[in-house]
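Please read the points below alongside the coordinates, and check each of them against your own analysis.

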Amino acid sequence: MAVRRRSWLHWMPALAAVTGLVACSGPPPEEPVIPLELPTATAPPDPGIAPPVVELLATGGPVLAPEDRPQRQLTAWSEALADELNIPRAALQAYGFTQRTLERTDPSCGLSWTVLAGIGAVESSHGRHGGAKLDITGRPSQDIIGLPLDGSEGVKRIEDTDGGELDGDTVFDRAVGPLQFIPTTWQKWAVDGDGDGVADPHDIDDAALAAAHYICSGGADLRDPEDFWAALIEYNESRSYVQEVLDFADHFGRTSKTVAVE
């Protein structure tokens, strides 16, 4: 890919450290929404409790209403895990549904929901940054928009590529959505992950599936330690970023196994 999507943020503390990666306003959550200290993990992370088998979207199927997203098949699974993992239910459903989708479309990749959850934790606390909340359709209550990529200290310069369509900025690009895609990356990997007829980076269902396609595009097997690192470094070339994603992913996987899931 011509532009590495998050190299401009490598110098900045992660959201887990309670600093803002995005420029949206709003009150912070009343209590911490993700753990601040996690043990250092080694790749691959624990894959956690597997989501139930689901009926996947059919190619060329009818357009679904946003509230009828197929990810809701994982409601019971997400209800069992969400509070213990401190992950919104809609986000867990998106991660689990994406895992089941990739098991069908790209089984050699070995992508687990825990990896996507690790990315979601680091990028935006699963769509909760700035006080946002995910609704039942998988969209945050307020758009999560990153800082302008204006070439200032520690920030890559990327002049506007989308006419402000995704990020509202007609001068510089900004990362958008729960998984913080820059417009050029979204243009390449955009996908409708929930069958509502729209590919939207602000929709965590779409963003999770797009991220999965990106991560798996190099042919790596994420169950292999070296391949895991290679794939995530390609996704974001910061080793500290990958380690943080790995730590969260392993934490979510291990913790999920302590929860009774029917």
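1. P201 is placed in the loop between α4 and α5, where helices (H or I, at least four residues) are DSSP runs numbered from the N terminus. At 0% relative accessibility P201 counts as buried, the cut-offs being under 20% relative accessible area for buried, over 50% for exposed and partly exposed in between, with a 1.4 Å probe and protein chains only. Leaving aside residues up to four places away in sequence, P201 touches L166, V176, G177, P178, W186 and A207, a contact being heavy atoms within 4.5 Å. One of these, W186, is 15 residues from P201 in sequence, and the two C-alpha atoms are 7.1 Å apart in space.

2. Before going further, please keep the basis of the values in mind. This is a predicted model, in which local features need pLDDT of at least 70 and side-chain atom pairs count only at pLDDT 80 or more, while totals for chains, interfaces and linings use all residues. Residues are numbered from 1 along each chain as its sequence is written, and side-chain values use heavy atoms, with hydrogens and water left out.

3. On confidence, the mean pLDDT of the protein chain is 88, and 86% of its residues reach 70 or more, pLDDT being the predictor's confidence in each residue, from 0 to 100. Over residues 1–32, however, pLDDT stays under 50, and for this stretch the model has 94 contacts beyond four places in sequence.

4. Several backbone details deserve a look. The peptide bond from A43 to P44 is cis, with omega near -5 degrees, and P44 belongs to the segment before α1. In the loop between α3 (113–124) and α4 (183–189) sits S125, which has a positive phi of about 50 degrees although it is not a glycine. H126, also placed in the loop between α3 and α4, has a phi near 60 degrees, again a positive value in a residue other than glycine. Are S125 and H126 buried or exposed? S125 is buried, with a relative accessible area of 5%, and H126 counts as buried at 0% relative accessibility.

5. How do α1 and α2 pack, and at what angle? Helix α1 (residues 75–85) and helix α2 (residues 89–105) have axes 9 Å apart and pack at an angle of about 120 degrees, which makes α1 oblique to α2. Here axes are lines fitted to C-alpha atoms, for helices over the stretch in contact, and angles run from 0 to 180 degrees between N-to-C directions; angles under 35 degrees count as roughly parallel, over 145 as roughly antiparallel, 65 to 115 as roughly perpendicular and the rest as oblique. The crossing of α1 and α2 is right-handed, a term used if the near helix is turned clockwise from the far one by less than a right angle, with left-handed for anticlockwise. Residues of α1 including W77, L81 and L85 take part in the meeting with α2, whose side of the contact consists of R89, L92, Q93 and G96.

6. α2 also packs with helix α5 (residues 204–216), at an angle of about 40 degrees and with the axes 9 Å apart, and the two are therefore oblique to each other. α2 passes α5 in a right-handed crossing. Among the α2 residues in this contact are A91, Y95 and L102, while the α5 residues include I204, A208 and C216.

7. Side chains of opposite charge can pair when their charged atoms come close. The structure holds 11 salt bridges, each defined as a side-chain nitrogen of Lys or Arg within 4 Å of a carboxyl oxygen of Asp or Glu. In one of them R89 pairs with D83, the closest N and O atoms being 3.2 Å apart; R89 is partly exposed, with a relative accessible area of 28%, whereas D83 counts as exposed at 60%. A network of salt bridges links E79, D83 and R89.

8. Two further pairs can be set beside that one. R174 forms a salt bridge with D169, with the closest N and O atoms 2.9 Å apart, and both partners are buried, R174 at 19% relative accessibility and D169 at 10%. R223 forms a salt bridge with D221, where the closest N and O atoms are 2.8 Å apart; R223 counts as partly exposed at 48%, and D221 is partly exposed at 24%.
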